[in-house]
Amino acid sequence: MAAWVVCALCALVIIKPQEFIPELAGIPLVHAAFGLTLLCVALDVVWRRLRPALAPQVVYAIAFLAWAALTTALKRPAALEERGMQLATVAGVFLAVSFAAASLRGLRALAITLVGCAVLTSGVAIVQSFQPYGCMLAAPDDWAGRGELAPDGRPCESNLDCRKDPPVPDGNYRCERPGPLGTSTIDGRVRYRGSLADPNELSLMAGMSIPLAIALAEGRAAARASRRSRGGPPRPAGSEPPAGAGPRAPAPPRRARAATALPVLLTDRLLSRVAAALRALPVAAVIAAIGAMVVMSRSRSGLIVYLAVLGLSFIRRSGTLGVVAACFVGPPMLLLGGRSGDEATESSEERVALLREAYEMIRRTKGIGVGAGMFGDESSFGLTAHNSYVLAAAETGLLGMCLFALVLYASLKVPLAIWLGDAEVGPATRRFAPAIFVSLCGALIGIFFLSWAYKDVLYMMLGASAALYGAARAEDRRVFVRVSVREAALVCGAMFAVLVSLNILLRILG
């Protein structure tokens, strides 16, 4: 019961129906879902449906978020209430997923929810790309058009067309494509809304769901094979002889049927392969739809994540053939996706300037940080660092950076240990372990180019890793994953090495 409630919580956080359904506006749906999740978790624990287990990343995640709140209180006390609520929401979602989904049923429900959200948001973005351009009004202070845009019904070809005889004089008009659910493009790039209003963030979220979609498809195939090995579905109720009745008389021998002659080309092996290919069409359609959305978003980081998770999934499934398949998929995606020309050059220069400002903040605060969410206020661009690792160091200091790195490391170690370890867990758990591992690998690549240090979607995947630990512990109590002092020192040392390497690279670039 708690599993589906926490899935509803995740869907509310990602889809945000209260923003495009007027009847839901003002209703605290997220808070209500979180409270209901706590109640359901308590009931499931009492009824022994859940066996809570403390995954190693839970401690580090709570410590990181608490330290982020403390740095904000020290550096910007006036912003503590707003930032504290955001951090508390992220912590609540993380803990809810970590404990409420800590079962095989919970992991499957969470995977279905995340894949469903990725398909919905990708579908909305794809529909956007086929709509004609129209004039849209942004908020007066939203000159970049990153927020919600309101169409006024006038067609356009450029922003200048929207400034001719506008309904709102001196309005902040943009020429964009409208989409379903009150969405719109930004500079012609498809996106969703809310926390996924950035095309890069939408691409990363959707790319992270691909391994989960493959794991769900593998689960269906495994269940089908299990039924065949048992000789078909179980006997329906009522077909057994009643209690006390004598044994049934043996059935009369049936006359042997003549074997059906198949054409030479239609062998059983060929037919089974064709059937398997047809059954793989749904997951192939999901992967193709996400790939199309990534291309239309023109997100370079999203393209890298998409190819990374798809390549790792292909290699895990097919070995050498997976490498060959990845080589066929990669080049067309690289040609079609991403940005080029002056737009790409301007974006790269902006990111380099933001990284320089991040290092200046680290030096100015002597490694303590400027406070969670305060980078945009301190930056001359009004933007974040576009690198979660450097952002954690600039906002929460060097200690916060190390805690953030330990959260990521522990979240990676859990599925890897379950996947490659000798624990006696079921096949479903072993299917989800590599899926979560590959998804987190894609996340670690993507957040190098995005500001996701406190992103709710990232902490859902970190919570999925913690839930996997709880599900594995419920099957085999010998499952035990911890981060040693030596590992913690190596992780922190690696993060300092990344900081130094980036600083040297920035100096070389001038």
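The second largest cavity is lined by Leu107, Leu110, Ala111, Leu114, Leu212, Phe432, Ile436, Met461 and Ala464. The model examined here is predicted. About 40 Å³ of space lies in this second largest cavity. Its lining holds 9 nonpolar residues, with no polar and no charged ones. Helix H5 (104-129), helix H16 (427-446) and H17 each contribute at least two of the lining residues. H5 gives the largest share, 4 residues.

The search of the whole structure returned 2 cavities of 30 Å³ or more. The largest cavity contains about 60 Å³ of space. Leu114, Met205, Met208, Ser209, Leu212, Val457 and Met461 line the largest cavity. Two or more of these lining residues come from each of H7 and helix H17 (456-475). By class, the lining of the largest cavity has 6 nonpolar residues, 1 polar residue and no charged residues.

The largest pocket has a volume of about 1700 Å³. It is lined by 47 residues, of which Arg146, Asp198, Glu201, Thr384 and Lys455 are the closest to its centre. Helix H4 (80-100), helix H7 (199-208), helix H13 (341-364), helix H14 (375-378) and helix H15 (388-420) each give two or more residues to the lining of the largest pocket. H4 provides the largest share, 6 residues. The lining of the largest pocket divides into 21 charged, 13 polar and 13 nonpolar residues.

Strand E1 (residues 134-138) is joined to E2 by 3 bridges. Within this pairing, Met136 has Pro151 in E2 as its bridge partner. E1 is joined to E3 by 5 bridges, and these two strands also run antiparallel. Here the bridge partner of Gly134 is Glu176 in E3.

The structure holds 2 disulfides. One joins Cys135 to Cys162, with an S to S distance of 2.3 Å. The torsion about this S-S bond is about -95 degrees, so the disulfide of Cys135 and Cys162 is left-handed. Cys135 lies in strand E1 and Cys162 in helix H6 (residues 159-162), so the pair ties together parts that are 27 residues apart in sequence. Cys135 counts as buried at 1% relative accessibility. Cys162 is buried too, with a relative accessible area of 0%.

The other disulfide joins Cys156 to Cys175, with an S to S distance of 2.1 Å. The torsion about the S-S bond of Cys156 and Cys175 is about 100 degrees, so this disulfide is right-handed. Cys156 lies in the loop between E2 and H6, whereas Cys175 lies in strand E3, so this pair ties together parts that are 19 residues apart in sequence. Both Cys156 and Cys175 are buried. With the bonded cysteines of the protein chain numbered in sequence order, the pairing is 1-3, 2-4. Elsewhere, Cys40 counts as buried at 4% relative accessibility. Cys441 also counts as buried, at 18%.

Backbone geometry was examined in two loops. Most residues other than glycine have a negative phi. Lys16, however, has a positive phi near 55 degrees. Lys16 lies in the loop between helix H1 (2-15) and helix H2 (29-46). Its relative accessibility is 15%, so Lys16 counts as buried. Arg298 likewise has a positive phi, about 55 degrees, although it is not a glycine. Arg298 sits in the loop between helix H10 (281-297) and helix H11 (300-318). At 24% relative accessibility, Arg298 counts as partly exposed.

Note on methods. Residues numbered from 1 in each chain as written. Predicted model: local features only at pLDDT ≥ 70, side-chain atom pairs only at ≥ 80, totals over all residues. Heavy atoms only, no water. Buried < 20%, exposed > 50% of the residue type's maximum accessible area, 1.4 Å probe, protein only. Pairing = 2+ DSSP bridges. 1 Å grid on protein atoms, 1.4 Å probe; cavity = no way out; pocket = protein on both sides within 12 Å on 5 of 7 lines; lining within 4 Å. Points joined across faces, edges and corners; volume = space filled by probe spheres on them. Nonpolar A, V, L, I, M, F, W, Y, C, P; charged D, E, K, R; others polar. Disulfide = S-S within 2.5 Å.
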